[in-house]
Amino acid sequence: MNIRTPSSLGATTTAVLAAALVLTVCVAFAADVATPSPCSIVVSGDLADKPATRGPALERADIGIGSHEMFSITTNAAGFTIAERERIVYMRLTEIISNVRVRPSAFSIVNVRGKPTICIGPYRLITVYPNDAAAAGCTADELAAEWMASLMRELPWVTPVNNLAYPPKEEPAPAADAGG
């Protein structure tokens, strides 16, 4: 005896399989989009590629753009002086604000060689070393979180508008000086 499947059952089965395939592809794509890209782009800063710096040794490098201070580098690390680290961070910041849509999901902290590294989009910005943390009186993870929070707050103010994915909150007006 030959049992035939009604054509509506075959069409339903085909539709369910097609929907499952589409759903699987959509979930995979959404997971790829939602996952922060790995911190893979390094602009300068390899141990063999130290930037040229001039002038006296620095005791502190305040990283900021305009009046938007982000964090301070106070120690040498990984064979780089404070001045070399400062120059590398500014080169990387230039690349970041030129090429990354600044939005909360663009910021991440990943471990690179066991140390917390702040990434913005696919760019590495800075690694927080144990001596940075010791100078700040906290752990490297805590300092990385503090620096990243400051970057998330300040970077939108200095990012070109075409790379800004969300409007920053309005800055307070400067206090009027009635001095005399």
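## A tour of the salt bridges, core and sheet

Start by selecting Asp62, which is partly exposed, with 37% relative accessible area. This is a predicted model, so read each stop as part of a prediction.

Asp62 and Arg60 form a salt bridge, and their closest N and O atoms are 2.7 Å apart. Arg60 also counts as partly exposed, at 49% relative accessibility.

**Into the core**

Leaving aside residues up to four places away in sequence, Phe71 touches Asp62, along with Ala61, Ile63, Val89, Leu125, Ile126, Trp147 and Leu151. Phe71 also belongs to the largest nonpolar core, which has 30 residues. Phe71, Ile73, Val89, Ile120, Leu125, Ile126 and Leu155 are the members that touch the most others. Colour the elements that each supply at least two residues of this core: strands S1 (61-65), S2 (68-73), S4 (115-120) and S5 (123-127), with helices H2 (82-99) and H4 (140-158). Which of them gives the most? That is H4, with eight residues.

**Across the sheet**

Now show S3, S4 and S5 as a cartoon. They make an open sheet of three strands in the order S3-S4-S5, paired antiparallel. S3 (107-112) and S5 are the edge strands, each pairing on one side only. Look along the sheet and you will find neighbouring strands turned against each other by 35° on average, direction ignored.

Zoom in on S3 and S4, where six bridges join the two antiparallel strands.

From H2, pick out Arg85 and then Asp132. Their side chains meet in a salt bridge, at 2.8 Å from N to O. Because Arg85 lies in helix H2 and Asp132 in helix H3 (residues 130-136), this pair ties together parts that are 47 residues apart in sequence. Are these two residues buried or exposed? Both Arg85 and Asp132 are buried.

For the last stop, select Arg153 and Glu154. Here the side chains meet in a salt bridge at 3.5 Å, N to O. Glu154 is buried, with 15% relative accessible area.

How values were computed:
Residues numbered from 1 in each chain as written. Predicted model: local features only at pLDDT ≥ 70, side-chain atom pairs only at ≥ 80, totals over all residues. Heavy atoms only, no water. Core = buried A, V, L, I, M, F, W, Y, C linked by side-chain atoms within 4.5 Å. Buried < 20%, exposed > 50% of the residue type's maximum accessible area, 1.4 Å probe, protein only. Helix = DSSP H or I, 4+ residues; strand = E, 2+ residues; numbered from the N terminus. Contact = heavy atoms within 4.5 Å. Pairing = 2+ DSSP bridges. Axes fitted to C-alpha atoms, helices over the stretch in contact; angles between N-to-C directions. Salt bridge = Lys/Arg side-chain N within 4 Å of Asp/Glu carboxyl O.
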